[in-house]
Amino acid sequence: MADRHPLFMPLILVGGLIFGFGLGFSQMARPEVVLDFLQFEDFGLLFVMFGAAIVTGVGFAVMPRIRDAAPLTGDPYERRLKPFDRNVLVGGAIFGVGWGLSGICPGAAYASLGVGNVTILWALAGMFVGAYLQGYVRS
C-alpha cells in the first residue's frame, strides 16, 4: 500500500461518499424497499442496479483505451475471471438467504445505518460474524 498514489485513499473515501449518497437518495438503503423488490412488488432496485451497471460498464470499456494502467495505483488493466464452481453457487445461495432474511445487502446496510436505521447494526454484526466464521472454517 506504500507505493500507491497519495490521493488513492481520499479517492476511495469520495467514492464511498458518492455510493452511500446514491443509495440513500434512491431509497435503496431502506430494507422495506429491498424486500419489496425481492417479493416482485417494486422494481425500482432493478433500475438502480441497471443504471449503476451501465455507468460501470462504460468506465471499464473506456478506461483501458485511454490509459494503459490505473491512474492512482499504476496497476495494469486486466481481466480477472473467477471460475464458476461449487463455492460460487453455495456462497451465492447463502448470501441470497441472508439478503432475504435481513432485507439488505452489505453495501446498502452501511448506507442504511447512515440514514438512521440503527437496527441494521444487527445485520452488520451478523455479516461480520459470518465472514469471520467463514475465514475461520477455511483456515
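The model is predicted, so local features were required to have pLDDT of at least 70 and side-chain atom pairs pLDDT 80 or more, while totals for chains, interfaces and linings use all residues. Residues are numbered from 1 along each chain as its sequence is written, and side-chain values use heavy atoms, with hydrogens and water left out.

Aromatic pairs were assigned by ring geometry. Rings of Phe, Tyr and Trp (its six-membered ring) pair if their centres lie within 6.5 Å; planes under 30 degrees apart are stacked, those over 60 are edge-to-face, and the rest are tilted. In one of them, the ring centres of F95 and W99 are 6.0 Å apart and the planes meet at 45°, so the pair is tilted. Both residues, F95 and W99, belong to helix α4 (residues 86-102). They sit four residues apart, about one turn of the helix. Helices here are DSSP runs (H or I, at least four residues), numbered from the N terminus, as are strands (E, at least two). Accessibility was classed as buried (under 20% relative accessible area), exposed (over 50%) or partly exposed (in between), with a 1.4 Å probe and protein chains only. F95 has 42% relative accessibility and therefore counts as partly exposed. W99, at 18%, counts as buried.

Y132 and Y136 form a stacked aromatic pair. Their centres are 6.4 Å apart, with 20° between the planes. The two tyrosines lie in helix α6 (residues 120-138), four residues apart, and are thus separated by about one helical turn. Y132 is exposed, with a relative accessible area of 58%. Y136 is also exposed, at 57%.

N117 is found in the loop between α5 and α6. This residue is buried, with a relative accessible area of 18%. The N117 side chain makes a polar contact of 2.9 Å with the side chain of S112. Another, of 2.7 Å, joins the side chains of N117 and T119.

S112 lies in helix α5 (residues 106-114). S112 is buried, with a relative accessible area of 1%. Contacts (heavy atoms within 4.5 Å) were also listed. Neighbours within four places in sequence aside, S112 is in contact with A29, P31, I104, N117 and I120. With residues up to four places away likewise not counted, N117 touches P31 and S112.

Key:
A polar contact is a pair of N or O atoms within 3.5 Å; within protein, one must be able to donate a hydrogen and the other to accept it, and residues adjacent in sequence count only if both atoms are side-chain atoms.
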